[in-house]
Amino acid sequence: MQINISNLSEGVYSYDLVEKATNLGFDDQFDEIVAAHVTLEKSINQLLLTVKASVKGVFVCDRCADEFDENVETSFTTVYSWENDDVTEDDDDFHVLSHDQNIIDVSDSVRDYLLLAVPAKHLCGKRTCEIPKQSVVEKETVDPRWEKLKELIKPDRN
Ligand SMILES: [Zn+2]
């Protein structure tokens, strides 16, 4: 997911980038394309990128254990600035450009932000989605130890 920044004059540009998820280092759970819409604002000192990205993944429902597709979406901003005395360190949202650099690659940022956006809980949302019978039965069965406890508690209350 590269953008050619050579000969860009100051202004706002937009790019639509696509890349196969596995080429970006996603595992097989994400086997389709990653799409990223990038708005790039070039000023004298820096490039400000606003990125909206999405990828479809296959998840296992936490309730019914069925597999289902879910779209993971994220948006973030990141800054690229040309190296100078003040600017030497890279971090997640700040990248240092060398003066002869013509290409920026947003692949790593897009992948990292999408992975952060994967929800911790997965529910398929299907109407038939329910906890499989077996575990329902387990939950509804009263633990015999509780019955014993109830008997112990009752006399105290009276
Ligand atoms: Zn489900």
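These are my notebook entries on a predicted model of one protein chain.

**Ground rules.** I number residues from 1 along each chain as its sequence is written.

**Confidence.** I looked up pLDDT, the predictor's confidence in each residue from 0 to 100, and found that the protein chain averages 86, with 85% of the residues scoring at least 70. Confidence is highest in β3, at a mean of 97, and lowest in helix α2 (residues 133–140), at 58.

**Elements.** I took helices (H or I, at least four residues) and strands (E, at least two) as DSSP runs, numbered from the N terminus. On that basis the protein chain has three helices and seven strands, and from the N terminus on the order is β-β-β-β-β-β-β-α-α-α.

**Sheet.** I counted two strands as paired if DSSP finds at least two bridges between them. Five strands form an open sheet in the order β2-β3-β4-β5-β6, with mixed pairing. Strands β2 and β6 (94–97) stand at the edges with a single partner strand each, so one side of each is left without a neighbour in the sheet. From one strand to the next the twist averages 25°, where axes are lines fitted to C-alpha atoms, for helices over the stretch in contact, and angles run from 0 to 180 degrees between N-to-C directions.

I then followed β3 (residues 33–42) to its partners: ten bridges join β3 to β2, antiparallel, and nine join β3 to β4 (residues 46–60), also antiparallel. I noted H37 of β3 as the bridge partner of D16, and T39 as standing opposite T50 in β4.

**Burial.** I called a residue buried if 20 or more other C-beta atoms lie within 10 Å of its own, exposed if 12 or fewer, and partly exposed in between, with C-beta atoms placed from the backbone. By this count 14% of the 158 residues of the protein chain are buried.

**Helix α1.** With contact meaning C-beta atoms, placed from the backbone, within 7 Å, I found α1 (residues 107–117) lying across β2, β3, β4 and β5 (67–82), at about 135° to β5. Its buried residues are S109, V110, R111, Y113 and L114, and what covers the buried residues of α1 includes β3, β4 and β5.

**Core.** I defined a nonpolar core as a set of buried Ala, Val, Leu, Ile, Met, Phe, Trp, Tyr and Cys residues joined through C-beta atoms within 7 Å. The largest has 17 residues, of which V34, A36, L49, V51, A53, V106 and V110 touch the most other members. Strands β3 and β4 and helix α1 are the elements giving two or more residues to this core, and β4 gives the largest share, five. Beyond its neighbours within four places in sequence, A36 is in contact with M1, L17, V51, K52, A53, V106 and V110.

**L40.** Why does L40 count as buried? L40 has 20 C-beta neighbours inside 10 Å, and therefore counts as buried. Not counting residues up to four places away, L40, a residue of β3, touches I3, Y13, Y15, L47 and L49.

Note on methods
This is a predicted model: local features need pLDDT of at least 70, side-chain atom pairs count only at pLDDT 80 or more; totals for chains, interfaces and linings use all residues. Two residues are in contact if their C-beta atoms, placed from the backbone, lie within 7 Å.
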